[in-house]
Amino acid sequence: MPLNFDKMELFPRPKLFDFHGVSMTHFFTQNWENVQNFQARPDDILIATYPKAGTTWVSQILDMLYFGQTSPERLTTLPIYERVPFLEMTIPNLVTGKDQADELPTTPRLIKTHFPVQFVPKSFWEQNCRIIYVARNAKDNMVSYYHFDCMNQGQPEAGDWNSFFQRFMDGNMVFGPWYDHVNGWWKKKETYSNIHYMFYEDMIEDTGREIDKLCAFIGLSPSAEEKEKVTSGVQFDNMKKNKMANYSTLPIMNFKVSPFMRKGKVGDWKNYFTVAQNEQFDADYKKKMKDPTLQLRCVI
Ligand SMILES: Nc1ncnc2c1ncn2[C@@H]1O[C@H](COP(=O)(O)OS(=O)(=O)O)[C@@H](OP(=O)(O)O)[C@H]1O
């Protein structure tokens, strides 16, 4: 179901509030009951991430793997947010992510969520759906999130970098603290085995290797030629210039402030963190990241 932006009106930036112990905005909570009652199908694939961890990248990979051969036209005619609906999203006067997901004609349906694990509708667990989680190191994730909040009218005001930094450390972000998100999803693997947990930094290091692992998880065996097409199609520069992947068709984003596909790098945080912020961050990180089995690279 296409989003009809003709009907879109300007709306004020949303405010954060506490929702079941997680800071959220009404754009992701006002359809709560419907979203919680979403009926997942056994072959649905849920792409779960903390915002700005690589959602669009993995979404594009999966969409190309599944449909690049059978319906390549969708890749050039439908923006990523229509091919992979954002389950909990509601924007005034537009069709909700839940309705979009309900009406997806594809099999499997690829569905995006930023929910912390405890908010995921129960039918995904009941149907034993495959879930792909992507985590990104907290520092780069924070910097990417900062630029996103600066340019996206659907997000709370970013404020200046220093106040945003503190807010991230305090966990007052839409979808809550980064720490709870990545740890909550990591822990879920102990009781739910159908999760493939990926890292943004691994994808940067070797996209082809990570696509192979993803294919092993979802049970696809693309030919060498198909795989090459996907690997090349999802390179940062190619996605950045691809209107159907780069969000430039979404009018609530102001690309004059920052493009959605901004830098796509590991270590950009070094251009933003002061020495004092880095020290504060590292001390706090050590306290919050207690599980030695979850190691995110490129943080220190
Ligand atoms: N192909 C590819 N290669 C490398 N990096 C990529 C790629 N696609 C998206 N990105 C980067 O991912 C960041 C956006 O994250 P998300 O897609 O999770 O954003 S969102 O939460 O769905 O709004 C954002 O990161 P930053 O550039 O650091 O801001 C994107 O540039």
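This is a predicted model: local features need pLDDT of at least 70, side-chain atom pairs count only at pLDDT 80 or more; totals for chains, interfaces and linings use all residues.

Trainee: Which residues come nearest to the ligand?

Mentor: Of the 23 residues around the ligand, the nearest are Thr-55, Thr-56, Ser-144, Tyr-200 and Lys-263.

Trainee: And which helix gives the most to that shell?

Mentor: That's α2, with 3 residues. Helices α2 (55–67), α7 (138–151), α10 (200–205) and α13 (236–240) each supply at least two.

Trainee: What lies 2.9 Å from an oxygen atom of the ligand?

Mentor: A polar side-chain atom of Arg-136. Lys-112 also has a polar side-chain atom by a ligand oxygen, at 3.0 Å. With Ala-53 the backbone is involved: one of its N or O atoms is 3.1 Å from an oxygen atom of the ligand.

Trainee: How much of the ligand does the protein bury?

Mentor: 98% of the 640 Å² that the ligand exposes when taken alone. As for where the ligand sits, look in the largest pocket.

Trainee: Switching to the backbone: which residues have a positive phi although they aren't glycine?

Mentor: Lys-52 is one of them, with phi at about 75°, and Phe-175 is another, at about 80°. Most residues other than glycine have a negative phi.

Trainee: Where is Lys-52, then? And is Lys-52 buried or exposed?

Mentor: Lys-52 is in the loop between β3 (45–49) and α2. Lys-52 counts as buried because its relative accessibility is 11%, and the cut-off for buried is under 20%.

Trainee: What about Phe-175, where is that found?

Mentor: In the loop between α8 (161–170) and α9 (178–188). Phe-175 is buried too, with a relative accessible area of 2%.

Trainee: Okay, peptide bonds. Which residues does a cis bond join?

Mentor: Thr-107 and Pro-108, with omega at about 0°. Pro-108 lies in the loop between α5 (97–102) and β4. Most peptide bonds are trans.

Trainee: Last one: is Pro-72 buried or partly exposed?

Mentor: Partly exposed, with a relative accessible area of 39%. You'll find Pro-72 in the loop between α2 and α3 (73–77).

Key. Residues are numbered from 1 along each chain as its sequence is written. Side-chain values use heavy atoms; hydrogens and water are left out. A residue is near a molecule or strand if one of its heavy atoms lies within 4 Å of it. A polar contact is a pair of N or O atoms within 3.5 Å; within protein, one must be able to donate a hydrogen and the other to accept it, and residues adjacent in sequence count only if both atoms are side-chain atoms. Accessible areas come from the Shrake-Rupley method with a 1.4 Å probe; for residues, only the protein chains shown count as cover. On a 1 Å grid over the protein atoms alone, a cavity is a set of points where a 1.4 Å probe fits but cannot get out, and a pocket is an open set with protein on both sides within 12 Å along at least five of seven lines; lining residues have an atom within 4 Å of a point. A molecule sits in a cavity or pocket if more than half of its atoms lie within 2 Å of its grid points. Helices (H or I, at least four residues) and strands (E, at least two) are DSSP runs, numbered from the N terminus. Buried means under 20% relative accessible area, exposed over 50%, partly exposed in between (1.4 Å probe, protein chains only).
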